[in-house]
Structure formats: C-alpha cells, structure tokens
Amino acid sequence: MGTTRKGSEWRRIGVALALAIVLAATSQCGGRRSEQFRQQGDTYLRLEKPADAMIEYDRALSADPRNALAKLGVARVYAAQQRPDDAVTAYREAIKLDPVLVPAFVELAALSVKQGNTSEAEALARELQGRDPEKGGLLLAHVEQVTGRGEAAIATLTALREQFPRSLEARVALGGAYLQAGQAAKAEEEARAALNDLDPQALPARMMLIEAFRVQGKLSDLIAEIEEMIKRQEEVVAAAPGDAAAREALDNHKLALARALVESGRGEEGQHIAKPILAARPDSGWANYVQGVYLLQKASYAEALPYLLTAARAIPQNSAIMEALATAQSGGRQTAAKPGASENAVPEVSSSAATSWRELWQMGSLGRLVNGREKFLAEGGANLRETLVLSALFTGEKALAQQLVEGLPADSPLRGYMALLEERDFAKVRDALEAWKETDAERRLMREIARGFRLALHGAGMQALGAYSQCLHDFPQNAVPLYNLATYYIAAGMPEFAAGSLRRLVATHPANTEARRLLFSVLVRDNKLDEARELAESTYSLYPEDRDAMLNLAQAYLDSAQTDLALQVLRRGLEALPGDPALLLAKASALVQSGAYDEAHEILAGIKPPPELAGPVAAVGATLAATKNDWAEVTSWCERVSEPDRRTVNRLLLAAALLHQGNIQEAAVPLTLPEGAAQSQGVLFRIPLKALGKDAPCNDEEAALAQKLAAKPERLPQYLLGLAYREQRLFALAAATLEPLTAEVDGASPLLLLTADIIGKDQTEGDAAKRLGALADRYPKDPVPYLALADLYKTQGDADKEADAMKRALELAPDNAMTLLRKADFCERRNDMKEAESVYTRLLALRPDDASAKNNLAYTLLRTNGDAKRALELAQAAAQQFGMNPRVLHTLGLAQIRNGNLEEGRKNLIVALEQRPGDPSMLLDFGKLLMTEGRSEEGKSYVHLALVYADQLGINFDRRDEAEAIAGKP
C-alpha cells in the first residue's frame, strides 16, 4: 500500500486508484503495532503464504480491531483460499470499518462479477458513488465494461469527465473505454488532453497514448517523440541530480519508450531500457510488462509468465497486460478474449497460492512442506503423514523420515518400505511395492513415486525415469516426479537434464520458489549465466521480498559486472530485512567487486554470522585484508574457521598469507585436504603443493609451472591469491593479479590458460574478446588465447567467430592436444563426424594412451560407418581404462553390435542407459538394436522416447533427423 504520487504509474483506474486514500483509515488505538503486523501480513500475502498472512492480520486486529486494512487482508486471504462466502463477509466488515475503503469495494465487485452477480457489483459501485462520486463512478464504468456494456461505460465516463474536469483518472478510463470500443482516434484525443491539460508526466495517459498509436499503426512517430522527451528530461536531471521527482519522470519516459519499442517489435532494445528500472523497482508494472512481452516474442512463455503476473497485480484490469498474461498462461496457444467479453471480465492473475500441505505436495515444494510439518500435523488430514515421510526422504532428511514413520500404523505399506529401504535390500523393496495395493488415487501416486525413488537409488535410472514419466502422464499436475528427476540428474552429473526437469516444473508451477532456486544454482554451475540471470530477474519480480530471490539476482548481476544493479537489489533487500546476515555479506562482496573496500569492511565488521555463513564471511574478510597486504589479518580471518570446515577460498588465502609471512613449511598444511574431503577441491592445490616440494599428481606442463613459481618467493603467493579471487568470481581482481604473473613466467601454458579463462569471464572492463585478442598478440605462438576466444564465442552462440578462433589456434599449434580436443568438440556439435574422426585420429597418434581419445575415435568411426573392427578394439581399450563410464559403455555396446555381438552390445547399452536415463542418443541406438533383432515396434517406441525426452527436457539432440526418420515423423 502507499499514497499516490503525481505522475506515478500507480495512479490508474480500478483498484490502483484506491491506494491513494487507504492509509488514513487505520485506527490510532494500538496503531503502530497493528500496522507493523498488517504490513508483515501484506508481505506474506505477496509471497503467496496466505496462512502466515492470516496470522499477522489476526495479530493486527487484536492490537487494533478498527484496522480496516487488516480486515481487507483477511478478505484477500479468504479469496486466495477459494472461500468466496468468507471473503464477501470480510470485505463487508472492512467497508463497515472504513466506508470509503476503495480496494474493498473494487475487489468485492470483481468477486461478484466472477460469481455472475452483476447487479450486486453495480450496487456496490453506486454505494461507493454516494460516498465518493469520482471513485464510485470509475468503479461503475469498470463493471459496465467487464460485463460487455461498452457504450454504457463510455456514457458513464463522459459524464464523469464533465463532472470532474481535472480528473486524470476519468480521462484515462474514458480513453480505455474508447479503445475497447474500437475508437482508437478518440482514445488518442483523451490521452493527449490528459497530457496537455492535466499532467504532462502522467504515465497512465502516456501508456494510453502508446496503445492508441499502436492500434492505428503509428508507433514509429510516437517513438521519436518520446526519445526527444527523454533527451530534454536527461538535461533536467543532469542540472538537478538530487531531484527525485525529475528522476522519476525520466524513468517514466523511459518506460514509455521501452513499451513503445517492444510493441513495435524491437523487444531487445525495449527490455534493455526497462531492465535497470526493473532492478530498482521490481514491483513496477510496466517494467515487468516490457520484460514479459519481450520474452513472449521469443516464445519463452514460461519465463514470461512471472513478469506478466507481477504486471497484472500492479496494474489490474489493463487489457494489454491481461492479453499478454493469457498468452503466457496458455503457452502461446491462445490469447485473452476481446475486452468487454463477460466471460473474461475478471481474469485470474495469481499463481496458485499454496497454503495447504496438499497444494505444496502437488507443486513439488517439498522443503516448505517438510518445514511446515508441525502446523500441518496439528491440522491433520488423510495421507498427510505418508506425504511428509516421502517429502523428508526425497529432500535428504532420512532421519526425519524415519522419525515420522513411527507415527504410521504398524501395517502401513510405507512403514515396511522405509524399513527395507534403510536395509538396502532392494529385492525385498521391490516385492513390498508389488504387494502395496491402492485404490485411492492420492496413495497410488505416492506408491509410484516411491517406486521411482527406489529404482533410482538402486541405479536403475532408466526404469526410474519410466516410473516417473508414468506418474507425470497419470497425474500431470503433480510435480514431485520432476523434482525427484532433477535431484537424480544433479547427483548423476547431468546438469542439462536437471535443468530441463526444473524448467518444466517451474513452467507448471511458477510459484515454486524452491524449484526456482535449484534451477538457478544448476544453471550457474553449468555456466548458463544469461539464462540464470533471466530466471533470477523473473523470480525477483514475483517475490521482491524473498531473501533467496534477492541474493540470486544480485549474484547474477555481479556475474555480468552490473555491480550498481546488484547493490540496488541488496539495498532494497536490507530495507525489507534490516540486519540480515546473508544480505549484508552479499553487499560486502558486491562492494569488494566494485572496489569500495572501506565500506565493505565496515559492513563486514557488523555481521554476526550464523554457523553456515562463518566460512563465507571469513573469506570476504580475508580478501579485504589481502587487498591491503595485511597478511596477519588474512591469517586471523581464515583461522576463525575450523580446519574441517574451511572452504577452498579460505585455504588458498591462508596459504598465501603464510607464505607472505615467511612460514613456507606451514603453507602446505591448508592445501593438504583432510581425510574424506571432496577430492575435486584438491585440483587447485596440486600445482602449489608441487611448488612447495610436496608430492602432487601434476603433468609435465603443470610441474614446469610449479618450478617457475618456486623460483621466486613472491610468485607462489601471488598465484594463490589469483586463484582465491577467481574462486569468489572476483574476475577483475583475479585478472589484475595473474596477468602480470603470466608475463613474468613467460606465459607458462597452465597459467596462460587460467588467465585467458578469467579474462573471458571478466566483464568489468568491456570487450573480453578485444582483451583476449591483445593477449594473443603478446603470446603469438601460443594457441591458448584463441581457444579462450573460441569458448567466449561459444557461450555467445556465435558459431562463425568460434570457427575463426579455432582456425587461428590450429594454425599456431596443429598438433597441440588441447587444440585438437577443442576442435573435435566443435565438429561434433556441428554434427560433422567425418572431420571429428580425422581430428581424433591425429589426437590419438599424439597421445596413444589417452582413453578419451580412444573412446571418441571409436564413436566417430561408428557414426561415419568406418572400420567397425578398429572401433571395437579402441572401445575395448577405453573400457579397460574407464571401467563403467556410461559414454564408454555406449560406444562399446555400439561397436559390439556392429561386429555382430548383439548380446554383449545389448547388455552394455542397457547399463549405459541406466546410468544416463533419458539420453536421446542412447535411446535411439537401443531402439535401433531392437529393430535389428526384429522387434520393430518396441524399437520404434524407444526411438520415439528419444524424441519425447529431448523435447520435454529441452536437450540438444544432434541426431534428431535420424530419429524422426525412423519414428515416421515428418
């Protein structure tokens, strides 16, 4: 809620008009405490937590029974919970407390229309009209419009305009009525009159003008006009940078331009203008609309939906927004009904507000379900405890699942399932599941999801995928199978498949914030930073007060070197959640990235971190100390974290600090991992350990670099510091630290590769391609800078420039293994298997013991119908080195089949598929095998599955043409 400012987009027809007058209605008795509770309730309601909101509204009313806004909140909770009778009663009680509470009238009228009670809606409008003729007249006209009486609405608004000649709202509403009646020229006249006679900065009138011009096909003329307005307003802002009203007017002009651009098909330009405004004002209806329409134009319907939902909430009843929202909700298959159609009078704009445990289970929001278990258990319900057991199990809370099982009846099938699962006796689990008979649909779904989980746990991935797919077919709205698939794929190291499962989950249930967080982390780890940023922006637009949404968006902006936007998000977050340790830490990190070290240090000093943040806080503190060369302080920060809990960053910084202080022997200690630590962490440590004279598994080039680092005392700590900065994604600091070191050791290949990779990721100094080109000029005989350029262009999707960079690298080093591997990958992505075969042949000649080269050459030979016997020999050799790797087993199985050993080939393909369930290429090859054996229909079904899973999960399938030809698709 909040008062309306002149020229603000909040001043508009309908419910938004009412927001200007409601704050004064709050009772003064216990007012402050009551308002605090009420505002917290509003926050929970925006976060789609109606049950929590109701608690706060009840507390507000206990503190002040006259708080009309709290009673309005109660009505909104009932409406969200699909309890219309209770909602009507609460709305009426709110109106009794405040007879001019416009939102209550507007929302109650909308509810009446939705229930088909037009006369009641009109009576409400006339009741309000008797108390506030302007607002009541606007509401009456709106009811007339949404019930298909456009001419009556125009007559009502024309009279209202005459009665209130200074009413901007009446003119804008009349313009909207003219637009809905197909009279765009008259709408243009009203919008111009509002801007010329009433308020030249009025955004609602400006947007009405854009719509009128769009309908008449004249947008290009208006774009030029708005661009000129922006230039003039920029001069005003430059002359008075502290004038908030002038800056708001500039933002509003930019929003108008952004909308005009996106409506005229120039979506990229429009969303670029709107994005900074969206970051600063995530509840901006028009900024969200621009971003949503831009995504619609890219056919990204699921991604557009949250932006358009937010726009619809901010600017209700706007026909352009509602039409775009309907398009997103239908996945592009349909648009909203024509304005004025009674069946579309009150569009649903809220995503499902999950308040019950059943709704949380349905949307796959298992973390929220488990966390709310005490409340849900107190409420009770059939199948609740079984649902909680499975939710705890699927989210990794095994001890909690076992604890919850104790409350089940002794003969519960789930009790037996859990007991056997803990014993890992999978055969008995299978038998128990077969004996688990259910007629109730809810319990049948639980049984099948439990079956899928057991199969995945047993390593039968393809069978698990089949079980989950059947669940999705039989219960398409239940997202738990998608959640389980995503977690399985993450554990299996298949991020593309995990992301596909989560995308589908979020598209089905946009309000599942847990899935959004998980998808964001998967995308970041898979270096899909643009998509991660778009997801973070859409989540933040829906949930601007959700801590994780703030943190993810801030990180996305930091990754794209938009530090100012990241800080805007974090400052806004700290206004909503003052003193929050995670937000304070993120702000300190952002300030470090922007070079504001003193401010970062001041913030860090005030953080009292919970245990899970102790390591990250120590890392930032040590980093700040390192920028000041205060090595004793670096050591102090790092040693605040106990040895087993030290993160990679802490270890690197501590080792660097110890070296700077002359403690050379002690420096190896933090780089030596404790027993049981993830060995992937040790990859960064092997070169420093080698430089310290320790035994470490380095190749020749890495050993040569270690020797060079050990030659001068200042080199190794500088290298460690650069690695620590890189681990924190402080790419500018990492580049500034490692580039001089790279020059000093004359571009030692591993260090040059590291430096080039960092430059490719560092967006703080503009064109990374130009900087990599300069690096290539400094090292004209080394292919590494060109390989980094190729990686950069690959990320940007520019295949031609990637090919050019690859060509330069190959010219410099035609027999360099790294270059050949990169070239082969490029060929395979282009499906140029003959050229890939040539490259792998050359690579294997250079590295005859390389198992990857053997496997990949065997696979390309098979794909090009080459020497099958040679392929089998290579695949068998790779299998001896790689064991049960699914890609190697896939190749070996194909080679065996090609050489006539169908039985062994089948076995290896099955094992490969179980480890990579849903892999389209493996499904295609298994289907072809079955067809070879005379099982044509069964084989085609697997080929069909290859296409289905590729489409459902958004997987890049380079053999799609082959599969479609077999499956009989056009």
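A: **From a loop into a buried helix**

Arginine 729 is partly exposed, with a relative accessible area of 23%; here buried means under 20%, exposed means over 50%, and partly exposed lies in between (1.4 Å probe, protein chains only). Before we go on, please note that this is a predicted model, in which local features need a pLDDT of at least 70 and side-chain atom pairs count only at 80 or more, while totals for chains, interfaces and linings use all residues. Residues are numbered from 1 along each chain as its sequence is written, and side-chain values use heavy atoms, leaving out hydrogens and water.

Arginine 729 sits in the loop between α42 (715–727) and α43. Helices are DSSP runs of H or I with at least four residues, numbered from the N terminus. Although arginine 729 is not a glycine, its phi is positive, at about 60°.

With 19% relative accessibility, leucine 733 counts as buried. Leucine 733 touches Val592, Tyr597 and Tyr725, leaving aside residues up to four places away in sequence; a touch, or contact, means heavy atoms within 4.5 Å.

Val592 leads us to helix α34, where it is one of the buried residues. Because 11 of the 14 residues of α34 are buried, this helix is largely enclosed by the rest of the structure. Among its other buried residues are Ala582, Leu583, Lys587 and Gln593. What covers them includes α43 (731–744), together with α32 (547–559), α33 (563–576), α35 (597–605) and α36 (614–627).

How does the length of α34 (residues 581–594) compare with what its 14 residues should span? At 1.5 Å a residue they should span 20 Å, and the end C-alpha atoms are 20 Å apart, which agrees; the expected span is 1.5 Å times one less than the number of residues. At the start of α34, a side-chain oxygen of aspartate 580 comes within 3.2 Å of the backbone nitrogen of alanine 582. That is a polar contact: N or O atoms within 3.5 Å, one able to donate a hydrogen and the other to accept it, where residues adjacent in sequence count only if both atoms are side-chain atoms. Just after α34, glycine 595 has a positive phi of about 90°.

Now widen the view. The largest nonpolar core has 244 residues, and Tyr719 is among those with the most contacts inside it, along with Trp361, Phe394 and Tyr417. Such a core is a set of buried Ala, Val, Leu, Ile, Met, Phe, Trp, Tyr and Cys residues joined through side-chain atoms within 4.5 Å. The partners of tyrosine 719, not counting residues up to four places away in sequence, include Ile687, Pro688, Leu738 and Leu741. In soluble globular proteins, nonpolar side chains tend to be buried together.

Finally, a word on confidence: pLDDT is the predictor's confidence in each residue, from 0 to 100. The protein's mean pLDDT is 84, and 92% of its residues reach 70 or more. Over residues 1–29, though, the pLDDT is below 50.

Key
Helices (H or I, at least four residues) and strands (E, at least two) are DSSP runs, numbered from the N terminus.
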